[in-house]
Amino acid sequence: LVRPLSDPSIGVAGGRILSLPGANRVARFGEVLHDHRRAIEVEVPPYAITMNWASRRDVLAEAGLFDERLLRAQDVDLAWRIAGRGYRFAYVDEAVVRHHNETTFRGLAREGYVHGYHGVRLNAKHGQSPAFRRRLRRIGQRLGASAAQLLRPSSFADGAVSLTFHIGKSAGELHAVARGART
């Protein structure tokens, strides 16, 4: 992760995040959730996940460090602020971290809830309105896509895992919107 940081235009370097060897199907879903390549190379703005992130100290200080008012998503918030200062992000495929992911459906649903709830708070901090109708449409699309996997025998188990996470995430988002989530 250190090599790309020698370029002063690179503010964040992040690597691959894999589940522990021998992980069950639920834990392996964590690789979908923590797809650092997608987060860095596809998402706009890009973001990074602290479990496999490196930055120079001056970049972190310039961006303002972590916002401790956020209980979750501090890494995404900081990454967005770094990107907002014009820094680029580098994905380093060979920098691999093995992460202990949730292993039960209950834990995965709880993780989804936390992602959803705190994602709404993060979006509100960055001026993105939690417009209820738009959010409901996205929730419906997510749940529909996960449920569609259940109809294909070859992907039933993966669909059950995905649907569990997205039900939890949707519940967290709706709860945050109902509470008028703020940072």
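The structure is a predicted model in which local features require a pLDDT of at least 70 and side-chain atom pairs count only at pLDDT 80 or more, whereas totals for chains, interfaces and linings use all residues. Residues are numbered from 1 along each chain as its sequence is written, and side-chain values use heavy atoms, with hydrogens and water left out.

The protein contains 8 helices and 3 strands, where helices (H or I, at least four residues) and strands (E, at least two) are DSSP runs numbered from the N terminus. In order from the N terminus, the elements run β-α-α-α-β-α-α-β-α-α-α. The radius of gyration, taken over C-alpha atoms, is 17 Å; this agrees with the value near 16 Å that a compact globule of 183 residues would have, under the rule of 2.2 Å times the number of residues to the power 0.38. Along the principal axes, the C-alpha atoms fill a box of roughly 50 × 40 × 25 Å. Of the 183 residues, 44% count as buried (under 20% relative accessible area, with exposed being over 50% and partly exposed in between; 1.4 Å probe, protein chains only). Among contacts (heavy atoms within 4.5 Å) with a separation of 6 or more, 73% involve residues 24 or more positions apart.

Helix H5 (residues 74-84) is mostly covered, with 9 of its 11 residues buried. These are Asp75, Val76, Asp77, Leu78, Ala79, Trp80, Arg81, Ile82 and Ala83. Their cover includes strands S1 (10-19), S2 (53-54) and S3 (88-99), together with helices H4 (57-63) and H6 (105-125). Just after H5, Gly86 adopts a positive phi of about 90°.

The largest nonpolar core comprises 22 residues, of which Tyr47, Trp53, Ile82 and Phe89 touch the most other members; such a core is a set of buried Ala, Val, Leu, Ile, Met, Phe, Trp, Tyr and Cys residues joined through side-chain atoms within 4.5 Å. At least two residues of this core come from each of S1, helix H3 (36-41), H4, H5 and S3, and the largest share, 6 residues, is supplied by H5. Beyond its neighbours within four places in sequence, Trp53 contacts several residues, including Leu1, Val12, Leu60 and, within H5, Asp75, Leu78, Ala79 and Ile82. A second, separate core of 7 residues includes Ala13, Ala54, Val92 and Ala95.

Most residues other than glycine have a negative phi, and most peptide bonds are trans. In the loop between H4 and H5, Leu65 has a positive phi of about 60°, and Ala73 has one of about 70°. Leu65 is partly exposed, with a relative accessible area of 47%, whereas Ala73 counts as buried at 19%. A cis peptide bond with an omega of about -5° joins Val44 to Pro45, the latter lying in the loop between H3 and S2.

Thr103 is located in the loop between S3 and H6 and, at 38% relative accessibility, counts as partly exposed. Excluding residues up to four places away in sequence, Thr103 touches Asn24, Val26 and Ala27. The C-alpha atoms of Thr103 and Arg28 are 8.5 Å apart, although 75 residues separate the two in sequence.
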